[in-house]
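Work through the following exercises with the sequence and the model open beside you. Try each task before you read its solution.

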Amino acid sequence: IDWKVTEHHIDSLVLEDNSVIQAKNYILATGGMSFPHTGSNGDGYRLAQKLGHTVTDLYPSEVALTSKESFIQAQTLKGLSLQNIELKVLNAKNKTVVTQHSDIIFTHFGISGPAALRCSGFVLKQKEREVTLSLDALPNISKAELLHIMQAEPKKALKNILKNYLPQRYADFICMEYADTKSNQLNDKTLQSIIEHIKDFRFKVNGSLPIEKAFVTAGGISLKEIDPKTMKSKIIDNLYFAGEVMDIHAYTGGYNITCAFSSGHLAGEVL
């Protein structure tokens, strides 16, 4: 596919079979690079660049994250899902970049699920090869409340106390060698350490699945070169844009498709 252009005006579009399409105006709505089997393979970026448009860095967003942590490689928690958790992305100074409240699932390669997907774009923006995540499995229960819960049943095994609040596999993983120990046999330091693991379990991720596996493509045609009131190109006088081919993306949940419909409707209304 290629353009026939005179100065700042598209004369026609030449398809792969050399057939020619001529129109008064053109809308580039080819999508991003995610899920190429749907036809969205990134051609739109090439076509836009050929017309003089800038394409910002492209990277996957809303994508599952990968990790080399030993418990991931050993598939200790593979298939385990945690609901209503809090997941944070930390920077190199251990400051919170973003916090998400939702669900995650541990996989054979790392983590997935809504909270992981929503954190992925922020992870991939970091310059470090490995990025630290902080997982709070019980965000609605404070550390002080957890300590009280553990101490309220002193003769009960710790794993049996925690199974009322956490999936058994995760409770066993967090407690490690103390799972079968009664809470009154653990000193305050050990109890605090276990609570810290429940409320702030830190592990590293080193990347994500490829962009072809992502729900969303981050990056795209620079918004500085598009009139937001009309979706019209500021470089080509009869070219308009719609959807994910532009440098715009959002979380999953209908936001991206709403943007696609809205920008497409706006461009169509203007035409």
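Two strands count as paired if DSSP finds at least two bridges between them, where strands (E, at least two residues) and helices (H or I, at least four) are DSSP runs numbered from the N terminus. The model is predicted, so that local features need pLDDT of at least 70 and side-chain atom pairs count only at pLDDT 80 or more, while totals for chains, interfaces and linings use all residues. Residues are numbered from 1 along each chain as its sequence is written, and side-chain values use heavy atoms, with hydrogens and water left out.

**Exercise 1.** Determine the strand order of the sheet that contains β11, and find the bridge partner of Leu135 in β11.

*Solution.* Begin with the whole sheet, which is open and has 7 strands in the order β11-β10-β7-β8-β9-β6-β12, with antiparallel pairing. At its edges stand β11 (201–205) and β12 (207–208), and each has a single partner strand, so one side of each lacks a neighbour in the sheet. Next, look at β10 (residues 131–136), which is joined to β11 by 5 bridges and runs antiparallel to it. Finally, the partner of Leu135 in β11 is Phe201.

**Exercise 2.** Describe how helix α6 packs against helix α7.

*Solution.* Two packed helices are described by the angle between their axes and the distance between the axes. Axes are lines fitted to C-alpha atoms, for helices over the stretch in contact, and angles run from 0 to 180 degrees between N-to-C directions. The axes of α6 (residues 168–175) and α7 (residues 188–199) come within 9 Å and cross at roughly 130°. That makes α6 oblique to α7, since angles under 35 degrees count as roughly parallel, over 145 as roughly antiparallel, 65 to 115 as roughly perpendicular and the rest as oblique. As for contacts (heavy atoms within 4.5 Å), Tyr170, Ile174 and Cys175 in α6 meet Ile194, His197 and Ile198 in α7.
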